[in-house]
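Please consult the sequence and the structure shown here while reading.

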Amino acid sequence: MDFKTEFKPITVQPQEIESNSFDMITEELGEHPFTEEQYPVVQRVIHASADFELGRSMVFHPDAIQAGIKAIQEGQPVVADVQMVQVGISKPRIEKFGGNVRVYISDADVMEEAKRLNTTRAIISMRKAIKEVDGGIYAIGNAPTALLELIRLVKEGIANPSLIVGVPVGFVSAAESKEELAKLDIPFITNIGRKGGSPVAVATVNALSLLATKQK
């Protein structure tokens with residue numbers, strides 16, 4: 001490899017880079033099964049991950065997009081499983097409608113209760129979240145145990161999220177937790193398999209907030 005060639009930085013504007021990237025994604029993805037309203041989410045997931053296989057594995061409840069848009073426009077909170085998801089979500093678009101992004105996993109009472117019960121902070125954080133958030137969007141990108149606990153709370157009639165974005169990454173229970181989510185009769189967005197992660201959860205919520213802004 002020749003390292004003597006002079007490096008010339010790209011001088012195009014960020015918006016142009018994003019637009020060009022989206023055009024490339026659309027061309028390379030080709031035919032797909034997603035609806036017109038679902039595709040912007042898939043497009044942003046691929047843009048965030050550069051992973052077309054991950055994008056093609058996305059699964060949507062029929063009411064997911066409109067449920068997410070409605071929740072944002074009504075100012076409902078977004079609950080993140082970890083700080084990485086919270087930090088990545090575009091807060092100005094959420095706050096524009098009166099909402100906010102919350103995360104509970106590092107709260108002192110959550111950590112204390114998890115230690116007392118010898119369980120994960122992710123599980124306890126979901127138990128705390130449903131006491132403080134009526135409805136809302138739950139964005140889970142890191143912790144399968146958080147998703148499994150939220151699913152349990154939904155099945156027992158204790159939790160009633162407006163939308164669950166469940167895309168945890170990992171080898172232990174990640175794929176299985178998404179399979180369980182897809183069985184619920186409430187709005188969800190997930191994907192098949194082990195792939196996922198905080199950037200995917202962030203991209204999904206950001207796509208929904210953009211759609212909410214455009215529809216207002």
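## Basis of the description

Two strands are said to pair if DSSP finds at least two bridges between them. Helices (H or I, at least four residues) and strands (E, at least two) are DSSP runs, numbered from the N terminus.

The model is predicted, so local features need pLDDT of at least 70 and side-chain atom pairs count only at pLDDT 80 or more, while totals for chains, interfaces and linings use all residues. Residues are numbered from 1 along each chain as its sequence is written, and side-chain values use heavy atoms, with hydrogens and water left out.

## Strand S5 and its partners

Strand S5 (residues 163–166) pairs with strand S4 (residues 137–140) in the parallel sense, over four bridges. Within this pairing, Leu-163 of S5 is the bridge partner of Ile-137. S5 also runs parallel to strand S6 (residues 188–191), to which three bridges join it. Here Val-165 has Ile-189 in S6 as its bridge partner.

In a regular strand the side chains alternate between the two faces of the sheet. Both faces of S5 are covered: Leu-163 and Val-165 on one side, and Ile-164 and Gly-166 on the other, are all buried. Buried means under 20% relative accessible area, exposed means over 50%, and partly exposed lies in between (1.4 Å probe, protein chains only).

## Crossovers and helix H11

Helix H9 (residues 144–155) forms a right-handed β-α-β unit with S4 and S5. A further right-handed β-α-β unit consists of S5, helix H10 (residues 174–181) and S6. A crossover is right-handed if, with the strands pointing away from the viewer, the path from the first strand over the helix to the second runs clockwise.

Helix H11 (residues 198–215) has 18 residues and spans 26 Å from its first C-alpha to its last, close to the 26 Å expected at 1.5 Å a residue. The expected span is 1.5 Å times one less than the number of residues. H11 is mostly covered, with 13 of its 18 residues buried.

## Salt bridges

A salt bridge is a side-chain nitrogen of Lys or Arg within 4 Å of a carboxyl oxygen of Asp or Glu. The whole structure contains 11 of them. One joins Arg-152 to Glu-149 at 2.5 Å, N to O. Both residues lie in H9, three residues apart, which is about one turn of the helix. Arg-152 counts as partly exposed because its relative accessibility is 31%, whereas Glu-149, at 6%, counts as buried.

Arg-152 also forms a salt bridge with Glu-156, the closest N and O atoms being 3.0 Å apart. Arg-127, Glu-149, Arg-152 and Glu-156 are linked in a network of salt bridges. Elsewhere, Lys-183 and Glu-180 meet in a salt bridge of 3.0 Å, N to O. Lys-183 is exposed at 61% relative accessibility, and Glu-180 is partly exposed at 23%.

Rings of Phe, Tyr and Trp (its six-membered ring) pair if their centres lie within 6.5 Å; planes under 30 degrees apart count as stacked, over 60 as edge-to-face and the rest as tilted. The ring centres of Phe-34 and Phe-60 are 5.9 Å apart and their planes stand at 75 degrees, so the pair is edge-to-face. Phe-34 lies in the loop between H1 and H2 and Phe-60 in strand S1 (residues 58–60), so the pair ties together parts that are 26 residues apart in sequence. Both Phe-34 and Phe-60 are buried.

Gln-38 lies in the loop between helix H1 (14–29) and helix H2 (39–49). At 12% relative accessibility, Gln-38 counts as buried. Gln-38 touches Phe-60 and Ile-65, not counting residues up to four places away in sequence; contact means heavy atoms within 4.5 Å.
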